[in-house]
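Please open the structure in your viewer and keep the selection panel at hand. The stops below are meant to be followed in order.

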Amino acid sequence: LYVVGVDVGEGLNLNASCAQILDITDLTNIEQVACYNNRKISPFYFTQKLKEILSQWGNPPVSIERNNCGAQVVDNLKNIYGYENIVTWGAKAGEYSPSNRFGILSHTNTKSRGVTNMRYWVNEMCVVRIRDGKTLLELKDFIRFPNGTWGSRTPSLMDDRVMALVWALIILENEICQRFYEILHYDENQR
């Protein structure tokens with residue numbers, strides 16, 4: 001079972017468009033199996049590339065941050081390519097939004113829940129194996145600022161790989177997971 005998390009950049013050689021592909025077949029051994037990262041690809045061409053990636057991995061659920069350029073990618077993936085397996089979440093403090101606003105609507109509450117969820121699987125459960133060294137570098141530099149936002153501590157480093165990882169793992173948030181998978185049992189933390 002695969003899942004893809006996506007953070008979209010503008011293609012201006014600043015923030016990257018990134019897709020993290022995880023194998024979540026065994027929740028005691030979640031594996032990063034691929035990472036696509038490109039700072040120069042426009043959202044239009046990134047949508048084409050993302051569709052290719054999704055096809056290569058069996059059309060898994062994809063969690064795309066909808067904010068800014070992400071809306072173009074989500075809408076084109078849905079309307080031009082007819083991709084149906086798009087995770088939709090974040091209308092109000094993490095509530096499901098079945099409207100035409102597909103994707104992950106990132107704001108303070110959803111991002112905080114997403115980061116908390118990622119930290120559960122990565123730090124507490126220690127079940128996520130990261131194979132990409134640049135993802136590890138970004139994780140080491142990823143902090144919570146005094147104003148409650150999350151991001152890269154070092155201005156020269158980005159957090160695109162981390163945010164794509166956050167959105168990939170959001171599939172394991174209980175309310176989202178129930179929509180995509182049959183849950184056979186929960187762990188001691190009700191996850």
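Predicted model: local features only at pLDDT ≥ 70, side-chain atom pairs only at ≥ 80, totals over all residues.

Residues are numbered from 1 along each chain as its sequence is written, and side-chain values use heavy atoms, with hydrogens and water left out.

**The sheet**

Begin by selecting the 5 strands, which form an open sheet of mixed pairing in the order S4-S1-S2-S3-S5. Strands here are DSSP runs of E of at least two residues, numbered from the N terminus, and two of them pair if DSSP finds at least two bridges between them. At the edges lie strand S4 (62–64) and strand S5 (128–129), each pairing on one side only.

Next select residues 17–23 and 30–38, which are strands S2 and S3, running antiparallel and joined by 7 bridges. Within this pair, Ala 19 has Tyr 36 of S3 as its bridge partner.

**The pockets**

A pocket is an open set of points on a 1 Å grid over the protein atoms alone, where a 1.4 Å probe fits, with protein on both sides within 12 Å along at least five of seven lines; lining residues have an atom within 4 Å of a point.

Now select Leu 27, Trp 121, Ile 183, His 185 and Arg 191, the closest to the centre of the largest pocket among its 19 lining residues. The volume of this pocket is about 480 Å³.

Finally, select Asp 7, Val 8, Asn 15, Asn 68 and Asp 160, which lie nearest the centre of the second largest pocket, lined by 22 residues. Its volume is about 370 Å³, a volume being the space filled by probe spheres set on the grid points, which are joined across faces, edges and corners.

Definitions and conventions. Helix = DSSP H or I, 4+ residues; strand = E, 2+ residues; numbered from the N terminus.
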